[in-house]
Amino acid sequence: MFDHLDERESRRDAAAGPADLAASPFRGDRDRIVASPFFARLGGVTQVVSASGSGLLHNRLTHSLKVAQVGRAIAERLVSDPDLARLLDKLGGCDPDVVEAAAVAHDLGHPPFGHLGEQVLDRLARHRFSLPDGFEGNAQSFRIVTTTDTRGPRAAGLDLTAAVRAAMLKYPWTRLSHPAPHPRALPDPPRGAGEPKEAPGTGSSKFSAYVTELDDLFQCRAPFAGRVAEWQQTVEASVMDNADDIAYAIHDLEDFHRIGVLQHAPVSAELGQWESDRAEFAAESELGAYRRRPGQSLEVLRRRLHARDSWIFDDDAFVAAVSRVRAELVDDLLSAPFDGSVAAEQAFGRFSAGWTARLVAGVHVVPDPPTRSGHVLLGREQWHEVQVLKFVHRRFVLLRPDLALYQRGQARLLTSLVEALDQWLADRFEADRLPRRLHDLVELAVEEYGCLAKNRPDTLIGATGDGPEGSAGVLALARGRAVIDFVASLTDGQAASLLEALSGRTGQFWSDAFVL
């Protein structure tokens with residue numbers, strides 16, 4: 001079907017590995033990912049908060065499976081439309097197997113404790129270890145499938161096809177250097193390419209590859225050269241990205257209603273008050289006087305979307321989205337506390353199936369998207385609805401003070417664990433008793449950073465303009481990356497148990513050392 005099919009199927013390693021059971025190379029990639037211990041560990045990694053053994057909350061594994069389900073449904077819908085065949089071919093293709101494989105792999109690099117762990121490890125990577133790339137969950141996923149997983153023919157990555165690796169790149173650039181000019185310098189940068197307001201000068205807030213994986217980035221994107229811009233997602237990456245948004249918007253709300261965190265009264269007050277007084281809110285130049293008034297936070301969202309996403313934002317569509325979310329989430333699903341009954345579970349099923357079908361049905365393909373969107377995007381109505389659903393999640397779950405208290409303890413745990421492992425690495429009397437996996441990661445990173453220092457020294461220069469000094473500087477970077485790789489590959493429970501052992505607070509041997 002595609003004249004570049006062989007390029008899409010190309011793998012990095014010429015050496016033949018174990019034969020895949022699936023006939024399709026892309027289906028074989030999916031099987032390789034699912035068989036990886038890095039995928040299995042996602043069952044012990046937080047989505048937002050730990051399930052504490054209840055088994056009722058989504059974790060990174062169940063989330064990944066649902067993203068794969070939604071992504072495949074979108075891809076199959078697009079390829080079944082004969083009117084889209086020529087456009088999809090021109091843009092590089094859309095294979096449901098590729099989308100599904102990328103979806104099950106997209107969260108492999110998420111560290112313990114979800115997005116909080118990502119923020120903590122990024123701060124430690126940049127400030128403690130002077131790693132210019134810092135840490136980013138998407139880039140860590142790409143590093144796993146190309147480098148640190150050992151199931152491929154060369155014990156370096158999974159040797160996935162170019163199409164699947166490219167479909168994992170939601171943000172197909174590095175933090176600081178590639179491509180040139182960097183997308184963060186565009187007048188209206190792609191989503192995620194801009195620098196975080198709280199850390200100016202540190203490069204893009206989101207990116208999908210470290211400089212250590214630049215060769216893999218170049219190789220997997222080669223079949224799409226001239227089809228999509230260097231900074232644009234492939235069609236399959238764009239499908240996966242939309243599926244991730246849909247799954248996140250729906251299933252996290254279900255989780256927090258199930259455990260009683262997301263309650264009817266405050267959400268109803270926020271949405272209802274804004275609907276009643278939206279003209280008054282809109283007329284206010286400053287919202288400070290309404291800081292504690294229901295509806296004020298939703299008005300802040302409306303103004304932010306208007307300023308940031310003028311390419312799609314529409315006031316009437318926003319009003320309609322608020323009305324639909326209020327009717328179907330607040331007045332229906334949240335109208336009664338979850339009690340575990342058959343009726344309550346059926347309400348969950350109706351909400352999830354109905355919203356998933358509605359959002360998937362709105363996905364379409366455009367030949368020339370704005371820079372803040374991929375070629376595959378939600379319809380205008382559905383886009384606004386997803387923004388409101390995500391607002392409810394953020395406003396009434398993520399910003400809760402009791403969640404902040406819980407997460408500060410997790411941040412301290414990860415910080416202490418990284419510091420303890422770094423001190424162990426620096427102890428020359430104990431170097432021969434390092435966990436073998438950590439030792440191997442140091443050796444790998446020394447080789448990587450040594451090659452970069454020799455062949456691409458500019459990639460090791462951080463935002464401050466400083467780079468490593470000689471072999472000692474390279475070793476310091478390598479040790480830092482190895483510690484970050486090691487900690488990022490633990491489950492929530494493993495991270496807590498390892499710190500207990502390193503702190504001398506347990507009398508038992510830590511037998512769950514590192515199983516990957």
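Predicted model: local features only at pLDDT ≥ 70, side-chain atom pairs only at ≥ 80, totals over all residues.

Residues are numbered from 1 along each chain as its sequence is written, and side-chain values use heavy atoms, with hydrogens and water left out.

**Exercise 1. Describe how α18 and α19 pack.**

Step 1: Locate the helices, which are DSSP runs (H or I, at least four residues) numbered from the N terminus. Helix α18 covers residues 436–455 and helix α19 covers residues 470–488.

Step 2: Take the axes, which are lines fitted to C-alpha atoms over the stretch in contact, with angles from 0 to 180 degrees between N-to-C directions. The two axes come within 8 Å and cross at roughly 135 degrees.

Step 3: Classify the angle: under 35 degrees is roughly parallel, over 145 roughly antiparallel, 65 to 115 roughly perpendicular and the rest oblique. α18 and α19 are therefore oblique to each other.

Step 4: For α18 and α19 the crossing is right-handed.

Step 5: List contacts (heavy atoms within 4.5 Å). Among the residues that meet are Leu441, Ala445 and Tyr449 in α18 and Leu475, Ala478 and Phe486 in α19.

**Exercise 2. Classify the ring pairs Phe351 with Trp355 and Phe391 with Phe396.**

Step 1: Rings of Phe, Tyr and Trp (its six-membered ring) pair if their centres lie within 6.5 Å; planes under 30 degrees apart are stacked, over 60 edge-to-face and the rest tilted. Searching the whole structure gives eight aromatic pairs.

Step 2: For Phe351 and Trp355, the centres are 6.3 Å apart and the planes at 50 degrees, so this pair is tilted. Both residues belong to helix α15 (residues 342–361), where they are four residues apart, about one turn of the helix.

Step 3: Check burial, where buried means under 20% relative accessible area, exposed over 50% and partly exposed in between (1.4 Å probe, protein chains only). Phe351 and Trp355 are both buried.

Step 4: For Phe391 and Phe396, the centres are 6.5 Å apart and the planes at 85 degrees, so that pair is edge-to-face. Phe391 is buried at 9% relative accessibility, and Phe396 is buried with a relative accessible area of 9%.

**Exercise 3. Find the surroundings of Leu460.**

Step 1: Leave aside neighbours within four places in sequence; the contacts of Leu460 then include Pro132, Val211, Tyr449 and Leu477.

Step 2: Compare sequence with space. Leu460 and Leu131 are 329 residues apart in sequence, yet 7.9 Å apart from C-alpha to C-alpha.

**Exercise 4. Which peptide bonds are cis, from His178 to Pro179 and between Ala180 and Pro181, and what are their omega values?**

Step 1: The bond from His178 to Pro179 is cis, with omega near -10 degrees.

Step 2: Ala180 and Pro181 are also joined by a cis peptide bond, with omega about -5 degrees.

Step 3: Pro179 lies in the loop between α9 (162–167) and α10 (214–221), and Pro181 is in the loop between α9 and α10.

Technical notes. Helix = DSSP H or I, 4+ residues; strand = E, 2+ residues; numbered from the N terminus. Left-handed = near helix turned anticlockwise from the far one by under 90°.
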